[in-house]
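Q: I'd like to learn how to read aromatic features in a protein model. Could you walk me through one?

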Amino acid sequence: MTQSVKRYNQNIRMVPAPSHGIIPERDLNAAPVLEARHLGIEFGGLKAVEDFNLIIGKTEIAGLIGPNGAGKTTVFNLLTKVYQPTMGTVMINGHDTAGMNTVQANKLGIARTFQNIRLFGNMSVEENVRIGLHNQIKYGMFTGILRLPNYWKEEKRQHERALELLSIFDMQDMASVQAGSLPYGAQRRLEIVRALATNPSLLLLDEPAAGMNPHETEELMANIMKIRDQFQIAILLIEHDMNLVMGICEGICVLNYGRIIAKGTADEIQSNPTVIEAYLGKKKEG
């Protein structure tokens, strides 16, 4: 694993949490935003994820890494209720999500982006963000149909909020641009903004740096920190760019063949022989 890493979290101290995990010391007196306990799922008898345990502090930036096919996106699908687990429990802000669907989990405070961008390409940038704001509309059906004063008041508030969120990535001037015409990196940023629009307490980012050049990745790292600090939320990311992971993540969980093989800080993970073997393969003797 590379050692040429720019660290954004050098002074963070990770401490044991009550639920047998580690979280940033600053989050110790706050309830964890996520607790996954003995989580698992089988597909036709094949265990895709098995005995997955993870705790994330209220304002932690955490990483989930592992070789291709390790089960990382499956974990995201379990946490967001795209898949219903075969076993185990997912707690979001202290609430058990058993039996919930994706919409209900989102209302509890979990939002995500996807490995493959899923924007509404024929809609404007602002319209994409306002889709994320739908659960915060404060008028009823008849108010909307009749265009009563509260409708226009709420429309103005939603417009202003969308521009405010877009300003995180300096995209407010692109509000009227068709989303599908944006460059790849800008589409990635827009997807993050749309997820933020749902007002999450935990944001899941699935390979946010995919397709970005080093300069864009550096900006992304700074913006993830900005989002955490501005919104006071937790962030869990899947990422193959180890410079990004080691530079920004406080707690890191390593998955291989659907099972956790290591947890720890960036320094601990980089020097862990089991992790190195999972990525590089076992060195032949003789």
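This is a predicted model: local features need pLDDT of at least 70, side-chain atom pairs count only at pLDDT 80 or more; totals for chains, interfaces and linings use all residues.

Q: Among contacts between residues at least 6 apart in sequence, what percentage join residues at least 24 apart?

A: That figure is 68%.

Q: Now the rings. How many aromatic pairs does the count come to?

A: The general idea is that you describe a pair of aromatic rings by the distance of the centres and the angle of the planes. Here the count comes to one pair. The ring centres of phenylalanine 43 and tyrosine 83 are 5.4 Å apart and the planes sit at 75 degrees; planes over 60 degrees apart count as edge-to-face, so this pair is edge-to-face.

Q: Which parts of the chain does the pair link?

A: Distant ones: phenylalanine 43 belongs to strand 3 (residues 34-43), while tyrosine 83 is in the loop between helix 1 (72-79) and strand 6 (87-92), and the two are 40 residues apart.

Q: What are the relative accessible areas of phenylalanine 43 and tyrosine 83?

A: Phenylalanine 43 comes out at 40%, so it's partly exposed. Tyrosine 83 has 29%, so it's partly exposed too.

Q: Which residue lies over the face of phenylalanine 114?

A: That's arginine 118, at 4.0 Å from the ring centre.

Notes:
Residues are numbered from 1 along each chain as its sequence is written. Side-chain values use heavy atoms; hydrogens and water are left out. Contact means heavy atoms within 4.5 Å. Rings of Phe, Tyr and Trp (its six-membered ring) pair if their centres lie within 6.5 Å; planes under 30 degrees apart count as stacked, over 60 as edge-to-face and the rest as tilted. Helices (H or I, at least four residues) and strands (E, at least two) are DSSP runs, numbered from the N terminus. Buried means under 20% relative accessible area, exposed over 50%, partly exposed in between (1.4 Å probe, protein chains only). A charge sits over a ring if NZ of Lys or CZ of Arg is within 6 Å of the ring centre and within 35 degrees of the ring normal.
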